[in-house]
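Student: Hi! Could we go through this model together?
Tutor: Happy to, let's open it up.

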Amino acid sequence: MGEFSDRLTSILAQRTERGLYRSRATLASAQGPRVEVEGKRLLNFCSNDYLGLAAHPRVIERLRTAAAQYGVGSGASHLVCGHLAPHHELEEALADFTGRSRALLFSSGYMANTGVLTTLLRRGDEVFEDRLNHASLLDGGLFSGARFRRFAHNDVDALARKLSRGAAAARLVVVDGVFSMDGDSAPLGALAQLCAGHDAWLMVDDAHGFGVLGATGAGSLEAAQLGQDSVPVLMATLGKALGTAGAFVAGSELLVEALIQQARNYIYTTAIPPAVAAATLESLALLREEAWRRDHLRELIARFRRGAAQLDLPLMPSASAIQPLLVGAADAAVALSERLAERGVLIGAIRPPTVPEGTARLRITLSAAHSERQVDTLLQHLADC
């Protein structure tokens, strides 16, 4: 079969043996509180559509009309001829909403994070990352060639010790605003203060906080009352709370112009479809207009956690829409997920290497599109299983 075939066969066999083999559920419906999978209607508690906007009629209509005007594909990268009016309007709207000088669109959060880190950092620099950072942040730090330092999760003192021992001229601290698999938040105020004292920049990936947290939904930095001077680099995605696709980086004029000139992930990829940018503008308008979505989501989170406590379910500490139910063994997590699917509830089992060994879990996510009754139904099925 050859070396590569043998290698790939071995990888698959090992994953199967350890209960880590991944498979895809194919949905035959739009995202929503109920979805259709293989002809069966399931309650959906594993989507990142936190505000229920992915299939909102206004967003769909904006996508349709923009596609009629601008076509489906953007046709090129932003720097060739693929930067269309909806892209530009969206960048300006995101900068205004986040209170930053400029914003820059990327095709995905992974591309944004790796593009920023490989642009900012070079050999001899130091990058400090939380151990539970998203894979794209970890990969970007490793790809950059900088000295890579990881610190214990949300441990400001551990980071302070590492910063004190560092000697590089350029130092960057990188964290998630809300951690994607644990659902807890970074201590951004303390981190910003520490970075200021050590002349280090702070970068925050707010994929799971943007649109949900803060007085207006601007995210973790708004909730922590931190501006551009305290956190020079903000990244957030558009495919979660806003329900569309893509990502953006927001910061100073200097940062954005440097990324346009230097970030290979930006320069050498086709821009997101202009119709998607236009649809995102509609999602952003709904986010501004309908604060009830965030209020309802907060109420559902509190209701779920109260019910889980009454049932003695081993929830991990989280005040976000991400509510991880700790199971432990990978095969046990898969078995629980399958039992719930048989009862009409869709929740994915998260296993190593996405999470550490022995901490496999069900990653339950709540949405403003869910009802209180649906949350109560979920709790009942969890109790029964």
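**Strands, cores and a helix pair**

Tutor: β1 and strand β2 (residues 40–44) pair in the antiparallel sense over 4 bridges; strands are DSSP runs of E of at least two residues, helices are runs of H or I of at least four, both numbered from the N terminus, and two strands pair if DSSP finds at least two bridges between them. This is a predicted model, where local features need pLDDT of at least 70 and side-chain atom pairs count only at pLDDT 80 or more, while totals for chains, interfaces and linings use all residues. Residues are numbered from 1 along each chain as its sequence is written, and side-chain values use heavy atoms, with hydrogens and water left out.

Student: Which residue in β2 stands opposite E36?
Tutor: E36 faces R41 there.

Student: And what order do the strands of the open sheet come in?
Tutor: The order is β1-β2-β11, 3 strands with mixed pairing.

Student: New topic: which residues touch the most other members in the largest nonpolar core?
Tutor: F45, L94, L202, F248, F304 and I364 do, in a core of 75 residues. Such a core is a set of buried Ala, Val, Leu, Ile, Met, Phe, Trp, Tyr and Cys residues joined through side-chain atoms within 4.5 Å; buried means under 20% relative accessible area, exposed over 50%, and partly exposed in between, with a 1.4 Å probe and protein chains only.

Student: Which helix gives the most to this core?
Tutor: Helix α12 (residues 274–289), with 7 residues. Apart from this core lies another of 23 residues, among them A146 and I260.

Student: How do α5 and α10 pack?
Tutor: Helix α5 (residues 109–120) and helix α10 (residues 253–262) pack at about 95 degrees with axes 10 Å apart; axes are lines fitted to C-alpha atoms, for helices over the stretch in contact, and angles run from 0 to 180 degrees between N-to-C directions. The two helices are therefore roughly perpendicular (65 to 115 degrees).

Student: Which residues meet there?
Tutor: G115, V116, T119 and L120 in α5 meet L255, A258, L259 and Q262 in α10, where contact means heavy atoms within 4.5 Å.

Student: Last one: is D125 buried or exposed?
Tutor: D125 counts as buried, at 9% relative accessibility. D125 sits in the loop between α5 and β4 (126–130). Not counting residues up to four places away in sequence, D125 touches L120, A146, R147, A168 and A170.

Notes. Angles under 35 degrees count as roughly parallel, over 145 as roughly antiparallel, 65 to 115 as roughly perpendicular and the rest as oblique.
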